[in-house]
Amino acid sequence: MLTIKNITQQFGDKILYEDINAQINKGEHVGLIGRNGAGKSTLIKIITGEILPDEGQIIFPKHLRLGYLDQYVNVDDTLTIQKFLESAFSADFEKEQKINDLYATYGETFEDSLLEQAGKLQNELDQGDFYQMPEIIKDLANGLGIDALGMDTLMANLSGGQRSKIILAKMILEKPDMLILDEPTNHLDDNHIVWLTEFLKNFDGTFLVVSHDQDFLNDITTHILDIEFGKLTKYTGNLTRAMKQKELTQETYLRQYEAQQNHIKKTEAYIRKYKAGSRSTMAKSREKQLAKIERLTPPSNSPTPNVVFPYTPIVTTLALDVTDLTIGYTKPLLEKINLTIRYGEKIALKGFNGIGKSTLIKTLIGEIPPLSGSFHFPEKTKIAYFSQELEWENPLESPIQYLSNLFPKANNKDLRQKLSRAGLANQLAQESLKLLSGGEQTKVKLAQMTMEKSNFIILDEPTNHIDQASKENLQATLEKYPGTVIIVSHEAPFYEDFVDRVIDLSR
């Protein structure tokens, strides 16, 4: 279904991968994994033709129908959700129109061949899903929580996350031979992740999926493609089995790398010592041999994440008091909210996508005015806020420039240290923000949160793009944080061990 042949890709001085090869066969359910910045999204863009590789090629079988989840794809904003989903059956609508045209022409010419053509097309429609389309769309919309948005809602009025969910639904309706999904669970809540998990487990076709949600990947995959050390390795089995195989492979690779490095150092020392002496011929011979060695890629130099949110004390019993609060933009999204959070509590907010979790958070931090009601933070509350949107006022800035503009008193050494502790590799501190992966951009935002003291942390989907090492560090940090925490996350395994309460806004 897909052949990755001799692909090499480099950005500036950073080599993402060199001469990588892999094959995905019919019916395989493949997860693509790797550290933040390893090149997962870049490889997806190479596969879908969005960017050209420096070297190598992507090979598909002829007539393959490929479905790619891209939330930024251009859509007709004047369509309702219902009409947009029905457009997945555009070929069937064209057949229906062709049948009507053939019958109309027959009424004028009485040519029997027209009836034969119409009958053939009608048989194709009868054997397909066209006449079950309303029920199929209804079931899918319910499974993914789209019906809650209102099927008559215009595409123009949807958020990026809502659009992503609906584009996913249309792609499923189109029944491609192969699906390519980049972080499909980012905008789904728990119930709809369960639905998508079951759908993908039972999917007859082939798919390649990138996800940082380990439980999701473990449930749906039959094979794993792993980008590490600039190489692409394919493992058989789900994520758990692949990680066991990888551990053994990694140990072998590290031994080979260390042995090669020792050999290179000894040979270089010999060449330096004897190049101009009596053994110069032997030294030159070893120099030629050394030049022919295919050097192994060094292990990843990404720093181990060690995020710590600085804390400033506050004397209070209550951290937040919400009274009859109505939230929304023009009309209420929820019933009136009454909520009391004790100081030091850690709270998870859950509820289906679009219910208003992010709107509630943006209201609490003052980005959106409440429609009615009130809320109160004690005096000297210092809020640290993480927004799920990866949007930058100046995407050409480097992480260092971005943080320096926010914190002009900080020197470059301090800023680099904060970025390193957030898990961002040192050489990326001077790259443009727009060239960083989603996970790397998230680490810049986490580094920003470590620059100021707080006693109330609010996080909106912080795990969407980060790798497992960063997740585990963030978990441990939030657990130790002495202040109050509100978190919105679709990954219950991430927060369930450290939160004191889960508040379901859909109840």
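Let's start at Leu-200: once you set aside neighbours within four places in sequence, Leu-200 is in contact with His-29, Leu-179, Leu-181, Phe-207, Phe-216 and Ile-220. Bear in mind that this is a predicted model.

Leu-200 also belongs to the largest nonpolar core, which has 48 residues. Leu-200 is among the residues with the most contacts inside that core, and the others are Ile-81, Leu-85, Ile-146, Ile-166, Leu-168 and Leu-181. Helix H6, residues 160-173, gives the most to this core, with 7 residues. Apart from this core lies another one, of 37 residues, including Val-307, Phe-309, Trp-392 and Ala-447.

Now take a look at Leu-85, which sits in helix H2 (residues 81-86). With a relative accessible area of 1%, Leu-85 counts as buried, because the cut-off is under 20%. Not counting residues up to four places away in sequence, Leu-85 touches Ile-137, Met-151, Ile-166, Ala-169, Lys-170 and Leu-173. Leu-85 and Met-133 are 48 residues apart in sequence, and their C-alpha atoms are 9.7 Å apart in space.

Next, the helix pair. The axes of H3 (residues 90-109) and H4 (residues 112-127) come within 9 Å and cross at roughly 160 degrees. Angles over 145 degrees count as roughly antiparallel, so that is how H3 and H4 run relative to each other. Their crossing is left-handed. On the H3 side, the residues making the contact include Ile-99, Leu-102, Tyr-103 and Tyr-106, while H4 brings in, among others, Leu-114, Leu-115, Ala-118 and Leu-121. Sorted by class, the contact of H3 with H4 has 9 nonpolar, 4 polar and 6 charged residues.

Note on methods:
Residues numbered from 1 in each chain as written. Predicted model: local features only at pLDDT ≥ 70, side-chain atom pairs only at ≥ 80, totals over all residues. Heavy atoms only, no water. Axes fitted to C-alpha atoms, helices over the stretch in contact; angles between N-to-C directions. Helix = DSSP H or I, 4+ residues; strand = E, 2+ residues; numbered from the N terminus. Parallel < 35°, antiparallel > 145°, perpendicular 65-115°, else oblique. Left-handed = near helix turned anticlockwise from the far one by under 90°. Contact = heavy atoms within 4.5 Å. Nonpolar A, V, L, I, M, F, W, Y, C, P; charged D, E, K, R; others polar. Core = buried A, V, L, I, M, F, W, Y, C linked by side-chain atoms within 4.5 Å. Buried < 20%, exposed > 50% of the residue type's maximum accessible area, 1.4 Å probe, protein only.
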